[in-house]
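Thanks, everyone. Let me put the model on the screen and walk you through it.

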Amino acid sequence: ISDQYFLPVQKLVVLELGMVLFPVANQGEASQLITQLVREQSKDQNSNPFLRKQCSQVAEPSLLRTVQQIPGVGKTKALLLLQQFGSIHRLCNASVKELELVVGQTVAQQIHNFLCS
């Protein structure tokens, strides 16, 4: 890429696409950097400063839809519940007090009554 377009492309990659750029002098240095990153990643993922922290995402859309079927639970509360409890099984075994911390007292009681009846 020519010097004329380097800065705009760099801004696009970093600001628009959210990618990280590492300056390297040549292909050999780039391959060494990549090799080091792979080694570090395979050791302990929590200690690698180059890894992005992944946002918690609900793996199964069907799981989200299932939780939304509970009375008083919409999409936002379903996401919060799945982020907190991680599974339907853990959600079903949660106490009213644990649920209250996520969705409040009224909805927590509705969820508990629905799941325990």
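Start at Gly104. This glycine sits just after helix α6 and takes a positive phi of about 95°. A word on terms: helices (H or I, at least four residues) and strands (E, at least two) are DSSP runs, numbered from the N terminus.

Before going further, the ground rules. This is a predicted model, where local features need pLDDT of at least 70, side-chain atom pairs count only at pLDDT 80 or more, and totals for chains, interfaces and linings use all residues. Residues are numbered from 1 along each chain as its sequence is written, and side-chain values use heavy atoms, with hydrogens and water left out.

Back to α6. Which residues of α6 are buried? Val96, Leu99, Val102 and Val103. Buried means under 20% relative accessible area, exposed over 50%, and partly exposed in between, with a 1.4 Å probe and protein chains only. Those four cover an arc of only 120° around the axis, which puts them on the same side of α6. The arc is taken over the directions from the helix axis to the C-beta atoms. On the face turned away from that buried side, α6 carries the exposed residues Lys97 and Leu101. The buried residues of α6 pack against α4, α5 (88-92) and α7. Contact here means heavy atoms within 4.5 Å.

Next, α7, residues 105-116. Its twelve residues, at 1.5 Å each, should span 16 Å, and the end C-alpha atoms are 16 Å apart, which agrees. That expected span is 1.5 Å times one less than the number of residues. Val107, Ala108 and Ile111 are buried in α7. Seen down the axis, these buried residues fall within an arc of 105°, so they line one face of the helix. Gln105 and Thr106 are exposed, on the face of α7 turned away from the buried side. The packing partners for the buried residues of α7 are α4 (75-85) and α6.

Now the core. Which members of the largest nonpolar core touch the most other members? Of its 17 residues, they are Val67, Val73, Leu81, Leu99 and Ile111. Helices α3, α4, α6 and α7 each supply at least two residues of this core. By nonpolar core I mean a set of buried Ala, Val, Leu, Ile, Met, Phe, Trp, Tyr and Cys residues joined through side-chain atoms within 4.5 Å. In soluble globular proteins, nonpolar side chains tend to be buried together.

Zoom in on Val67. It lies in helix α3, residues 61-68. Val67 is buried, at a relative accessible area of 0%. Leave aside neighbours within four places in sequence, and Val67 is in contact with Val73, Ala78, Leu81, Leu82, Ile88 and Leu91. Take Leu81: 14 residues from Val67 in sequence, and 8.3 Å away, C-alpha to C-alpha.

Zoom out to the whole chain. How many helices and strands are there? Seven helices, zero strands. Of the 117 residues, 16% count as buried. Among contacts between residues at least 6 apart in sequence, 27% join residues at least 24 apart.

Last, confidence. The chain averages a pLDDT of 76, and 75% of the residues score at least 70. pLDDT is the predictor's confidence in each residue, from 0 to 100. Among the elements, α1 (residues 3-16) has the lowest mean, 70, and α6 (residues 96-103) the highest, 91. Where pLDDT is low, the predicted coordinates should not be read in detail.
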